[in-house]
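Subject: Structure for you to look at, with notes

Dear colleague,

I am handing over the structure below, together with some notes on what turned up when I went through it. Please read the notes with the structure open beside you.

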Amino acid sequence: MQSFDEFDWSSGTSEEHLTMARQANDDQLRQLARDYDWSMHPVQVLGWAMAQKCMDLGTALTVFLNGEPERFNYIPKRHVPEDYRPIARMLDNICLRVNSGFYLVYPERDVSNRKRLTKWVSYQHADRAEGRQGRYTFDEKILQTLLND
């Protein structure tokens, strides 16, 4: 069996990817989650990875943004195309975990794109001012624990 460091993540089945992810140490798993190719097997691999206790807030927000949540944010759940529902549900779960405080803050593990996250929060503010809400709304008090320098 291949080691985690030797595995070719550009190919393989969801079962092979998940098996390798389960072999990873905490640092490797966080890096895998941040870098994982969403055109591969994100629901199986990232779905499992994001439920692990070693995941932190910066990694969770990076993974969330990598999943391009903008494409689902203003679409009612029942209108999300069938093929995309598992991804939308996984993004739901990440958002719920962020808002529940599941992911702890480690300042050395920042979100990979602060500008994009700040833009997301500004859209939340604009939505609130207009009396609407997207599907993925973060508790800004939790985000501030990471965004405050």
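Let me begin with Arg-116, which has a relative accessibility of 26% and therefore counts as partly exposed, since that class lies between the buried limit of under 20% and the exposed limit of over 50%. Please keep in mind throughout that this is a predicted model.

The side chain of Arg-116 forms a salt bridge with that of Glu-70, at 2.8 Å from N to O. Because Arg-116 sits in helix α6 (residues 114–129) while Glu-70 belongs to the loop between α4 and α5 (85–100), this pair ties together parts of the chain that are 46 residues apart in sequence. Glu-70, with a relative accessible area of 39%, is likewise partly exposed.

A further salt bridge joins the side chains of Asp-110 and Arg-114, with an N to O distance of 2.7 Å. Asp-110 is partly exposed, its relative accessible area being 26%, and Arg-114, at 26% relative accessibility, also counts as partly exposed. Elsewhere, salt bridges with shared partners bring Asp-27, Arg-30, Asp-56 and Arg-109 together into one network. In total, the structure holds 10 salt bridges.

Leaving aside residues up to four places away in sequence, the contacts of Arg-30 are with Cys-54, Met-55, Asp-56, Thr-59 and Arg-109.

Turning to the fold as a whole, the secondary structure consists of seven helices and zero strands, so that the order of elements from the N terminus on reads α-α-α-α-α-α-α. The radius of gyration is 16 Å, which agrees with the value near 15 Å that a compact globule of 149 residues would have. Along the principal axes, the C-alpha atoms fill a box of roughly 55 × 40 × 25 Å. Of the 149 residues, 42% are buried, and among contacts between residues at least 6 apart in sequence, 69% join residues that are at least 24 apart.

By residue class, the lining of the largest pocket divides into four nonpolar, five polar and four charged residues.

With best wishes

Technical notes. Residues numbered from 1 in each chain as written. Predicted model: local features only at pLDDT ≥ 70, side-chain atom pairs only at ≥ 80, totals over all residues. Heavy atoms only, no water. Nonpolar A, V, L, I, M, F, W, Y, C, P; charged D, E, K, R; others polar. Salt bridge = Lys/Arg side-chain N within 4 Å of Asp/Glu carboxyl O. Helix = DSSP H or I, 4+ residues; strand = E, 2+ residues; numbered from the N terminus. Buried < 20%, exposed > 50% of the residue type's maximum accessible area, 1.4 Å probe, protein only. Rg over C-alpha atoms; globule rule 2.2 N^0.38 Å. Contact = heavy atoms within 4.5 Å.
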